[in-house]
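Please go through the model below with attention to its sheet and its surface, taking the questions in turn.

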Amino acid sequence: MWLFGSIIRRFKAIRRYNQILRVFVKYGFEDLVSYLEDEKRFGFIRKLLPKRVIKSAKKYSKYERMRLLCEELGPTFIKFGQILSNRPDMLPAELITQLEELQDNVPPLPGKIARQVVESELNAPVEDLFAWFEPESFASASMAQVHKVTLKTGERAALKIQRPGISEMIEEDIKVMYKIADIIERRVPSVKHFDPVGLVRNFENSIRKELDFIRESINIQRFHANILNDPEDRGITRSPKVFREFTTGKVLAMEFISGIKISDVSRLRESGHDTKRVARKLAISYFKQVFEYGFFHADPHPGNLLVVPSGNICFLDYGMMGSILPRDIELLGKLFIAIEDHEVRAIIRILQDLSGNAPISDMHALEISVHEFLQSYAIRNLHQNEMSTVLLEIRDIVIDHGLKVPGHFFLLARSMVTIEGVIEHLDPELDLVELAKPFMVRVIRKKYDPFKLTKKALHSFVEFANYLEDFPRDIKNAIRRINSGQIKADLTHKGIDPMVHTFHRIAKQLISSIIIAALIIGSTLFIINSIHPLYNDISIMGIIGLSIAGLLGIGMIRDIFKGDKDDWKGWNK
């Protein structure tokens with residue numbers, strides 16, 4: 001049985017691999033397929049596709065074809081593309097734009113199958129779990145769909161149900177992606193610096209988190225707790241609560257919240273909502289997430305934002321969240337303030353801090369780039385109030401000068417672009433930089449709060465006192481270990497191995513020269529003195545000796561011409 005299952009899995013993997021190759025060829029990526037497969041098989045794959053199919057795909061640009069390719073290959077590749085769209089440090093802007101447009105076009109599951117998943121996960125019939133289960137989903141995507149349910153308590157809930165088999169399908173696709181990435185990395189040297197295998201590994205980690213609804217439920221509860229602990233935010237932001245007893249790795253039960261889609265401006269106005277007030281609330285909510293909580297919604301597109309009857313903003317879908325360390329929040333606040341004050345040196349210092357004090361290869365060039373950015377920022381009117389534009393331009397400077405910044409920097413820039421688009425639709429005149437300033441100043445002031453500084457000083461004093469207390473004992477232990485011979489020093493001479501190898505090679509060539517000279521002299525004496533046995537009056541031993549000397553000589557000449565390019569692996573270290 002195990003063998004039969006293994007054969008089926010192997011067959012599915014081969015079939016999926018061939019399907020991926022066909023789609024690559026269909027969208028005009030024959031050059032990539034030729035790297036993956038030998039010419040004979042590649043030609044066979046090409047013949048399977050009608051010429052009109054290949055011709056119709058060529059009317060699109062290269063980057064459009066990449067997007068269409070991901071959409072045709074299904075959920076795994078769509079998610080891979082969506083995650084890659086957060087890496088502008090690696091991919092061209094045109095491709096990023098296309099990847100951001102990736103859409104799931106998957107029909108919803110029949111209600112019967114959705115019920116089976118719920119019953120399997122919660123170990124009880126739907127009738128025993130809920131007072132009512134809506135058979136038709138009201139929201140559907142490639143990995144899950146959402147049904148309305150009514151709990152026995154009368155509370156309305158939204159039940160997010162993972163598609164059956166999606167996890168196994170993604171696992172199979174990831175195996176194929178690893179295979180493709182490994183072949184490309186070995187056969188296409190120009191893409192090696194992108195680390196294709198590393199990209200697949202990062203995607204694997206990300207998609208596993210998204211498939212785990214327990215993790216998403218924790219994100220919701222963390223977000224919900226931040227709002228509850230902030231009296232000011234309670235009048236601004238709304239989030240669903242989680243029903244833990246109905247939540248598993250594949251089923252997520254949360255409070256059902258009804259409201260108006262934030263992009264539906266006409267309905268908002270008909271319901272008595274002031275769109276300017278809504279825009280302001282959304283901006284404040286987002287700035288609180290970034291600058292006060294350090295935990296923000298990373299995918300705030302209009303489909304994930306509702307305006308509830310009270311006027312509060314409700315965020316939906318917590319699968320993609322961003323976290324920022326307190327230190328980085330402070331640096332981010334300082335960065336925006338330094339840009340407002342046009343302080344070139346301060347901006348460079350902050351970028352260095354964000355990149356972990358990475359060395360700057362050309363400080364003068366970096367200063368020029370930052371100065372040019374500040375000059376254009378000072379005089380322009382278009383996009384002047386958009387913080388996302390500032391982040392994107394700073395991002396380009398960071399990439400151009402080889403600095404490394406935390407991954408959440410790119411995630412934040414992308415989410416800020418999205419949320420600013422929503423805000424501009426509601427209130428084009430809202431000055432986001434001015435609105436954000438108090439949050440930035442508050443972040444910086446926190447660091448210099450007298451109570452916190454006193455607490456930090458006391459903590460440092462206690463640590464220092466503990467260190468002084470332990471210092472004599474540590475010295476005694478060190479002396480005791482030295483006396484007992486427990487401490488050993490390993491000295492490694494870096495760079496000495498190539499020199500030793502060179503000496504060995506010279507010694508080998510010298511010994512070979514002596515042996516060759518001895519063979520030539522000895523063989524010549526054998527021939528001159530006609531030492532038996534003879535062949536046509538020539539000593540056979542002399543002929544053999546000269547032949548060996550000739551072979552050794554050819555080998556030595558080859559080694560001499562190779563020089564430091566011989567086959568020793570140590571040259572690559």
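Two strands pair if DSSP finds at least two bridges between them, and strands (E, at least two residues) and helices (H or I, at least four) are DSSP runs numbered from the N terminus. This is a predicted model, in which local features need pLDDT of at least 70, side-chain atom pairs count only at pLDDT 80 or more, and totals for chains, interfaces and linings use all residues. Residues are numbered from 1 along each chain as its sequence is written, and side-chain values use heavy atoms, with hydrogens and water left out.

Q: Which residue in S10 is the bridge partner of threonine 237?
A: S5 and S10 (residues 313–315) pair in the parallel sense over 2 bridges. In S10, the bridge partner of threonine 237 is isoleucine 313.

Q: Is leucine 552 buried, partly exposed or exposed?
A: Buried means under 20% relative accessible area, exposed over 50%, and partly exposed in between, with a 1.4 Å probe and protein chains only. Leucine 552 is found in helix H24. Its relative accessible area is 36%, so leucine 552 counts as partly exposed.

Q: What share of the residues of the protein count as buried?
A: The protein has 24 helices and 13 strands. Of its 573 residues, the share that count as buried is 42%.
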